[in-house]
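Please look through the sequence and the structure shown here before you read on. The notes after them are meant for a student who is meeting such a description for the first time.

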Amino acid sequence: MKKMVLEIDNLKVSFFNSNGEVQAVRGVTFGVNEGEILGIVGESGSGKSVTSMSILRLLAESAKLKEGSIKFEGKELTTLTKKEMQSIRGKDISMIFQDPMSSLNPLHTIGNQVAEMIAVHNTNLSKKEVKQRVLQLFEKIRIPEPEKRYNMYPHQFSGGMRQRIMIAIALANAPRLLIADEPTTALDVTIQDQILKLLRDLQKDSNTSIVFITHDLGVVAELCHRVVVLYGGLVMEEGLVDDIFENPKHPYTLGLMASMPEVNQDKSIRLQSIKGSPPDMTNPPLGCPFAPRCNYARKMCAAELPPYVEVGNKHRSMCWLLTQGAPSEHNPFK
Ligand SMILES: Nc1ncnc2c1ncn2[C@@H]1O[C@H](COP(=O)(O)OP(=O)(O)OP(=O)(O)O)[C@@H](O)[C@H]1O
Ligand SMILES: [Mg+2]
């Protein structure tokens, strides 16, 4: 059995604001194995960022973790103190965000910002040793002329190079889990491919576990071992990437596949071509959240949340059409 690095069990997270309760995540369960790249895919608003930010507790003040458990290497994270959480963040678990500019400080050199992340978790190292580590890191992620770049400022870097710096900061302390929330969405296709290669090498060389969040099933196919499909704050389908692509078992996954951009098209185009819009999370539907947009929906789909059905090896899907007794007429799975 492979070791589980991350185990999320029945996670429920809501925001409380003047409109009432936004039920962003409504009972999400999945795990990440050691050395595995797990993709989380879903349209805008499905709960990808809220799920991942819950892990490191980076959510807004108005967010409340209502229920559930998040374990990292067996240790419960949800009950840690702020201080305990800080010692894990950026060391054992780190995160890369979509927009590198908003995460970098424009007033400090690139080198100092990476050095700071190392120094804060390694108080025993001298200044010189820290700088040495930064330069090694720059080489590892293929930043040309590391010595020269060390003293440059964020605005002197291209978007792709800034994202590399963010990756350097995330990798500074050799984390065992890296969470990447759409790290390539803002970048052009060539740079995106370079970043994906970097992450793949990292996983191979250091056996780092990676959670990779994306809109783009094409990226999932290229990079990930396993995938979790999120919709309406729930896992619709989960399985090995090959199984999901060869044998998708949820109408939502079918819809995402049908709207996959062609290989040569601009990959930054957001997947939107499933007709209709996502549910209002202040008042989520009683039944399957996808039912109102589903071509195959029956009466029962809107009435009650479907159970998870095991459809293969570690492959599960939440859909009434897979259950025993579901009619076979107009049923893509029977
Ligand atoms: N600070 C907040 N206050 C209130 N609601 C929020 C807040 N942040 C997120 N939400 C809501 O939580 C739900 C899930 O949002 P989340 O950011 O996780 O989506 P996402 O899948 O990451 O989408 P995207 O692909 O656009 O990044 C959405 O309905 C969103 O409107
Ligand atoms: Mg997001």
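This is a predicted model: local features need pLDDT of at least 70, side-chain atom pairs count only at pLDDT 80 or more; totals for chains, interfaces and linings use all residues.

Residues are numbered from 1 along each chain as its sequence is written, chains are lettered from A and ligands numbered from 1 in the order in which they are written, and side-chain values use heavy atoms, with hydrogens and water left out.

**A helix and its surroundings**

- Helices are DSSP runs of H or I with at least four residues, strands are runs of E with at least two, and both are numbered from the N terminus.
- A residue is called buried when its relative accessible area is under 20%, exposed when it is over 50%, and partly exposed in between, using a 1.4 Å probe and protein chains only.
- Helix α1 covers residues 48-55, and because six of its eight residues are buried, the helix is largely enclosed by the rest of the structure.
- The buried residues of α1 are K48, V50, T51, S52, S54 and I55.
- Between the C-alpha atoms of E36 and P279 the distance in space is 31 Å, and the two residues are 243 residues apart in sequence.

**Backbone angles**

- Most residues other than glycine have a negative phi.
- R57, which is not a glycine, has a positive phi of about 50 degrees, and this residue lies in the loop between α1 and β4 (63-72).
- With a relative accessible area of 32%, R57 is partly exposed.
- H330 is not a glycine either, and its phi is positive at about 55 degrees.
- H330 is placed in the segment after β12 (315-318), and it counts as exposed because its relative accessibility is 51%.

**Aromatic rings and charges**

- A pair of aromatic rings is described by the distance of the centres and the angle of the planes.
- Rings of Phe, Tyr and Trp (for Trp, its six-membered ring) pair if their centres lie within 6.5 Å, and planes under 30 degrees apart count as stacked, over 60 as edge-to-face and the rest as tilted.
- How many aromatic pairs does this rule give? The count comes to three aromatic pairs.
- One of them is the tilted pair of Y231 and Y252, with 4.5 Å from centre to centre and 45 degrees between the planes.
- This pair links distant parts of the chain, as Y231 belongs to strand β9 (residues 226-231) and Y252 to helix α11 (residues 251-258), 21 residues apart.
- Y252 also pairs with F290, and this pair is edge-to-face because the planes stand at 65 degrees, with the ring centres 5.1 Å apart.
- Here too distant parts of the chain are linked, since F290 lies in the loop between α11 and α12 (299-303), 38 residues from Y252.
- Ring pairs thus join Y231, Y252 and F290 into a cluster; Y231 and Y252 are both buried, and F290 is buried with a relative accessible area of 3%.
- A charge sits over a ring if NZ of Lys or CZ of Arg is within 6 Å of the ring centre and within 35 degrees of the ring normal.
- R149 lies over the face of F157 at 5.6 Å from the ring centre, and R316 lies over the face of Y308 at 4.3 Å from the ring centre.

**Cysteines**

- A disulfide is a pair of cysteine sulfur atoms within 2.5 Å, and the structure holds zero disulfides.
- The sulfur of C288 has its closest cysteine sulfur in C301, 6.5 Å away, which is too far for a bond.
- C319 is in no disulfide, and the nearest cysteine sulfur, that of C301, is 6.2 Å away.
- C288 is buried at 8% relative accessibility, and C319 is buried with a relative accessible area of 7%.
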